[in-house]
Amino acid sequence: MTHARTQIRQAVIALLNGNTAAGSNVFGSRVYAINEPKLPALLIYTKQETVGEQSISYPRTQHRELVLTVEIYVKSSGNIDDEIDALALEVEQLVAADPTLGSIVKDTVLTSSDIQYSDEGEKPIAIAMLNYSILYAVKEHQPQQLV
């Protein structure tokens, strides 16, 4: 079985894949560059995790807060601000409609958005980064088992 973080990333990928204007251009990594033919596209990755309250008895239950980023890429075909906002709207609505990601986490909350622009390439590109705080719990000796 995979780590809880992997399961959460995969749940977000499954939620977004084929359900936005990005179509099937939904990727679970940010290692590789996204080239223009694959735009629009979504990249989903986890950046940070903190462990909060823990139970006293062994094995302790760890309450974790995971920062998950949905990075949105669009290529301009008109008003790039409207285009990036439209795709961000789709992502935000889908995640808000299922904040427990199919009952595997306690909650998912959008905590920040950041939009950047690039004029490198044939057409301008906008990149929006939606950062989500995802609350979940595991037993310390079984970080692959969501509780």
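Modeller: The expected span of a helix is 1.5 Å times one less than its number of residues, and helices (H or I, at least four residues) and strands (E, at least two) are DSSP runs, numbered from the N terminus. This is a predicted model, in which local features need pLDDT of at least 70 and side-chain atom pairs count only at pLDDT 80 or more, while totals for chains, interfaces and linings use all residues. Residues are numbered from 1 along each chain as its sequence is written, and side-chain values use heavy atoms, with hydrogens and water left out.

Colleague: How do you know that the span of α2 agrees with its number of residues?

Modeller: The 18 residues of α2 should span 26 Å at 1.5 Å a residue, and because its end C-alpha atoms are 26 Å apart, the two agree.

Colleague: What makes asparagine 79 a cap of α2?

Modeller: A side-chain oxygen of asparagine 79 lies 3.0 Å from the backbone nitrogen of aspartate 81, at the N-terminal end of α2. A polar contact is a pair of N or O atoms within 3.5 Å, where, within protein, one must be able to donate a hydrogen and the other to accept it, and residues adjacent in sequence count only if both atoms are side-chain atoms.

Colleague: How do you know that the buried residues of α2 line one face of the helix?

Modeller: Buried means under 20% relative accessible area, exposed over 50%, and partly exposed in between, with a 1.4 Å probe and protein chains only. In α2, the buried residues are Ile80, Glu83, Ile84, Leu87, Ala88, Val91 and Val95. Seen down the axis, they fall within an arc of 125°, so they line one face; the arc is that of the directions from the helix axis to the C-beta atoms. The face turned away from this buried side carries the exposed residues Gln93, Ala96 and Ala97.

Colleague: Why is threonine 20 called buried?

Modeller: Threonine 20, in the loop between α1 and β1, has 8% relative accessibility and therefore counts as buried. Its contacts (heavy atoms within 4.5 Å) include Leu42, Leu87 and Val91.

Colleague: Are leucine 101 and serine 103 buried or exposed?

Modeller: Leucine 101, at 7% relative accessibility, counts as buried, whereas serine 103, at 65%, counts as exposed. Leucine 101 is in the loop between α2 and β4, and serine 103 is found in the loop between α2 and β4 as well.

Colleague: What is the phi of leucine 101, and what is that of serine 103?

Modeller: Phi is near 50° for leucine 101 and near 70° for serine 103, a positive value in a residue other than glycine in each case. Most residues other than glycine have a negative phi, and most peptide bonds are trans. The bond from tyrosine 58 to proline 59 is cis, with omega near -10°, and proline 59 lies in the loop between β2 and β3.

Colleague: Why is leucine 135 called partly exposed?

Modeller: Leucine 135 has a relative accessible area of 36%, and therefore counts as partly exposed; its place is in strand β5.

Colleague: What makes up the largest nonpolar core?

Modeller: A nonpolar core is a set of buried Ala, Val, Leu, Ile, Met, Phe, Trp, Tyr and Cys residues joined through side-chain atoms within 4.5 Å. The largest has 31 residues, and Ile8, Leu42, Ile44, Val70, Ile72 and Val91 have the most contacts inside it. Strand β5 gives the most to this core, with 7 residues.

Definitions and conventions. Lists of a residue's contacts leave out its neighbours within four places in sequence.
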